[in-house]
Structure formats: structure tokens, C-alpha cells
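Subject: Structure handover

Hello,

Here is the structure for your files. Please open it first, then read the notes below.

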Amino acid sequence: MPDVKVSNLNKIFGDNVVLDNVDFTIKDGEFFTLLGPSGCGKSTTLNCIAGLEQPSSGAISVGDTTFVDTDKKLFVPPEGRNLGMVFQSYALWPHKTIADNLAMPLQIRKVDKTEQRRLIDEALDKVGLLHLRERYPHQMSGGQQQRVALARALVYSPSVLLLDEPLSNLDAKLREQARAWLKRLQEDLGITTVYVTHDQDEALALSDRIAVMSNGYMIQVGTPTEIYETPATAEVAAFVGRCN
Ligand code: ADP
Ligand code: MG
């Protein structure tokens, strides 16, 4: 699985500088978290990797493939990137069964029916929901729906998983459970994951490395221990709960 490289990423909305020279490399198989308060630019960064947003300048590559290079006027659209994405809202199709929800991305990729069934069952099995394949979304809990959204992102074997606050719509107890299985799943699959959250506990519990963001800047990148034990600034210290 490939490295993700984000180089000198800038994004300006009107006269609002939302990303200011954001620069990082995520190693193969790493669980990498963008952590910071609401509005600091986490989702914009993730959306630039996904291709849902065009950076004002900068470059993004995954492995040997460059997705964006503004100097070369290169922009690969989202469907050409083979990345799996899960948002805060699960965005399942309410009138389709779970299996049919997972079939959609495979139909778009013109996978044949027998192979579709195999891939759908394999993905549902990974998130422990194979027995619910014929249910409709409204017949499932919020936590289960979020696992379906994750299975749908995994069904076409993406090279990288992009997760934008996937647990924030769950109540505290469900969130705790979801955090545990997400960690287990990532360890099992070893898939490179870019995770966005404003929740410090979640970031410290799940991540191999954390990038702390503030106002469009990346202020510190390090392991959970480094971030917690040796925060680079008072702002990082305050944000990870070390202010006193
Ligand atoms: P986060 O995910 O960290 O909460 P975002 O990346 O969503 O932050 O937003 C960063 C900043 O960019 C915010 O100030 C937000 O208002 C602004 N922003 C995001 N998307 C747009 C857009 N499409 N148009 C204008 N401003 C935007
Ligand atoms: Mg966001």
C-alpha cells in the first residue's frame, strides 16, 4: 500500500486563507489523524486528497501516482483516485438494502454480478454485518449504519481510507464501541487511513501519528505520546488537555 504525500497545500476561499502551506507524508499502512478545533481546515485538507475540492496551490500524490499538481495544471477527478471515503453523515440510500448500498460503487466500476456478491459479502463480513445484508438502513442502529458506510468505502479495495469525523453522530457509549472496532479493523486490514476528528481522546486512542491543526496551519506532527508528553506549543498543550 502506498504513501500519501501532501506538499505545500494552500486553499483560499475568497480572501479567507483556509489552508496555509500544509505539508505532510503519511507512511504505508499508517493511521494518521488530522486533529484540531472546528473550522481549522481538517475537512478541506481531506477533501483535497479525495478530489472533492481543488487546492489553490500544491501537490498531492499516493504512491507513484500524482493526483494534483497545480504547477503542472494536473487534477485527477475523484473517480480516478480509488480512495474510500466515509463522512460524518452516513449517506446510505434509504430505499436500498444494505447489500444494494454496497453494490452501487461496484456497478459504477462495472464489476460483474457474481464478483459483486463476493466483494459485498467480504466487506460486510469485515465489519461484522454479513447477517444483516438484506436489511434497510432504517432497520439498523446508528453504529451499524456507520459500519455499513465503512464497508461501502472498503468494497472496491481502495488504496487509502479517508474518514471525516465518522463517529461524531454516535452517542458516547456507541462511540466508545465504534472506536474499538475501528482500531481492530485498521490493524487487521493495515490500510493507510487519514482520519479527521476534533476529539482529542479519539485521536490519542486510534492514531499512529497525529497532526494538530490550527487556523489552516499544521502546528505539530507526532505520535500520540509525543503530542501528549511534549506538546510543541501552549495551544497544542491546551488542545490535548495538558493545560494547567
Ligand atoms: P474543519 O473540518 O476543521 O472544521 P473546514 O475545512 O470545514 O474545517 O473549514 C475550514 C474553513 O474553511 C472554515 O472557516 C470554513 O468556513 C471555510 N470553508 C470550508 N468550505 C468552504 C467553502 N466551500 N466556501 C467558503 N469557505 C469554506
Ligand atoms: Mg470538518
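In which sense do strand 10 and strand 11 pair, and over how many bridges? Strand 10 (residues 209-214) runs antiparallel to strand 11, over 5 bridges. Strands are DSSP E runs of at least two residues, helices H or I runs of at least four, both numbered from the N terminus. Two strands pair if DSSP finds at least two bridges between them. V212 sits opposite Q220 in strand 11.

This is a predicted model: local features need pLDDT of at least 70, side-chain atom pairs pLDDT 80 or more, while totals for chains, interfaces and linings use all residues. Residues are numbered from 1 along each chain as written, and chains are lettered from A and ligands numbered from 1 in written order.

**The whole chain**
The protein chain has 8 helices and 11 strands. Its C-alpha trace spans about 50 × 45 × 30 Å along the principal axes. Of its 244 residues, 39% are buried (20 or more other C-beta atoms within 10 Å of the residue's own, C-beta atoms being placed from the backbone).

**The ligand**
Residues around ligand 1 (C-beta, placed from the backbone, within 6 Å) include F13, N16, K42 and T44. Helix 1 gives the most to this shell, with 3 residues.

Best wishes

Notes:
Buried ≥ 20, exposed ≤ 12 C-beta atoms within 10 Å, placed from the backbone.
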